[in-house]
Amino acid sequence: MAYTARVEVFAGLVPVFVILAVGVAARHAGLVNEAGAVGLNRLVAQVALPALLLLKVGTSSLSDSFSPPVVVVTAGLVLVTTVAALMLGRWWRLPWAQRGVLAQAAQRGNLAYVAFPVIQATGGEEALRLAAVTAAVLIPIMNLLAILGLERYRGRREGLGVLRVLANPLVASAFGGLALAALGWHPWGWLAASLETLADFALPAALLSLGAQLTLGRWGRLGRPLAAAVGFKLVVQPALGWWVLSALQASPQEVLVGVMLLAAPSAVASYPVAVELGGDRDLAAATVVVSTLGAVVAYVAWNLLLHAR
């Protein structure tokens, strides 16, 4: 089981770095310039990612494999992590552009593309169904909290407009998808195909944009917020999830799913969203890259610990 989990971790993470490297190479080869990368980033944040959320969340079956302890604990810890990261950013007096990025990176995980394959390999189809239903609730909450944090510390210091947050395409599509899922939505064939095409474009395009705008030379100034974001995401969140779920006497499968979802590395989609809302571009990129690298070790370690219980 541990060997299978390691294989799934590598299989899920290697394509992330391959596509990222293609983006870096494309920029150095002159195939895309700064303006082109920014335009691609905006297209992902405003069109492709909302389509992905509407399709994935909206077509989920909330009646199957629903576990109140897993949903409540994971959602609660995402909220606690967001608040803790924002307080830490304020205590450290980080630049405004870094505070919302830190909060987003600390709580928003790459569930579908990293956590799901690992959960399927370690817990089987039943665990995967539980993870998918939990994610249908968790993804809108993660997106709302990410937008709230980024909008709160946006460079223009306009204050936090509730209507502006709710009108954000990611928030609107996430909660719209949740409402459609509750209604048992089945989109028309042509609509499902169109959304699927846009959804398939979202993550590769986000990685290409990230690679094309990557500037490793400026990461030296990011030590504390980068370490905090990765620590929250790969260690603190899953450890707290394990402790709380165990205290609630959740089943081993529920503990496995909760810990694996909370240990997912920072979502690739967080980069275009942070850039679009005026967050620190370098910190957003660094948290995705470093947490994804760290997830190789973290997932293997968490699987070994869980199976040693």
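Colleague: How much space lies in the largest pocket of this predicted model?

Modeller: In this predicted model, the largest pocket holds about 440 Å³ of space. Its lining comprises 24 residues, and L52, K56, L111, A112 and I139 are the closest to the centre.

Colleague: Which helix gives the most to the lining of the largest pocket?

Modeller: Helix α5 does, with ten residues. Helices α2 and α5 (111-152) each supply at least two residues of that lining.

Colleague: How is the lining of the largest pocket divided by class?

Modeller: There are 18 nonpolar, four polar and two charged residues in the lining.

Colleague: Turning to the helix pair, what makes α2 and α7 roughly parallel to each other?

Modeller: The axes of α2 (residues 34-58) and α7 (residues 169-182) cross at roughly 15°. Angles under 35 degrees count as roughly parallel, and α2 and α7 are therefore described in that way. Their axes come within 8 Å, and the crossing of α2 past α7 is right-handed.

Colleague: Which residues of α2 meet α7, on the criterion of heavy atoms within 4.5 Å?

Modeller: On the α2 side they are A45, Q46, L49, P50, L53, L54, V57 and G58. Their counterparts in α7 are P169, L170, S173, A174, G176, G177, L178, L180 and A181. The residues of this contact between α2 and α7 divide into twelve nonpolar, five polar and no charged.

Methods. Residues are numbered from 1 along each chain as its sequence is written. This is a predicted model: local features need pLDDT of at least 70, side-chain atom pairs count only at pLDDT 80 or more; totals for chains, interfaces and linings use all residues. Side-chain values use heavy atoms; hydrogens and water are left out. Axes are lines fitted to C-alpha atoms, for helices over the stretch in contact, and angles run from 0 to 180 degrees between N-to-C directions. Helices (H or I, at least four residues) and strands (E, at least two) are DSSP runs, numbered from the N terminus. Angles under 35 degrees count as roughly parallel, over 145 as roughly antiparallel, 65 to 115 as roughly perpendicular and the rest as oblique. A crossing is left-handed if the near helix is turned anticlockwise from the far one by less than a right angle, and right-handed if clockwise. Contact means heavy atoms within 4.5 Å. Ala, Val, Leu, Ile, Met, Phe, Trp, Tyr, Cys and Pro count as nonpolar, Asp, Glu, Lys and Arg as charged, and the others, Gly among them, as polar. On a 1 Å grid over the protein atoms alone, a cavity is a set of points where a 1.4 Å probe fits but cannot get out, and a pocket is an open set with protein on both sides within 12 Å along at least five of seven lines; lining residues have an atom within 4 Å of a point. Grid points are joined across faces, edges and corners, and a volume is the space filled by probe spheres set on the points.
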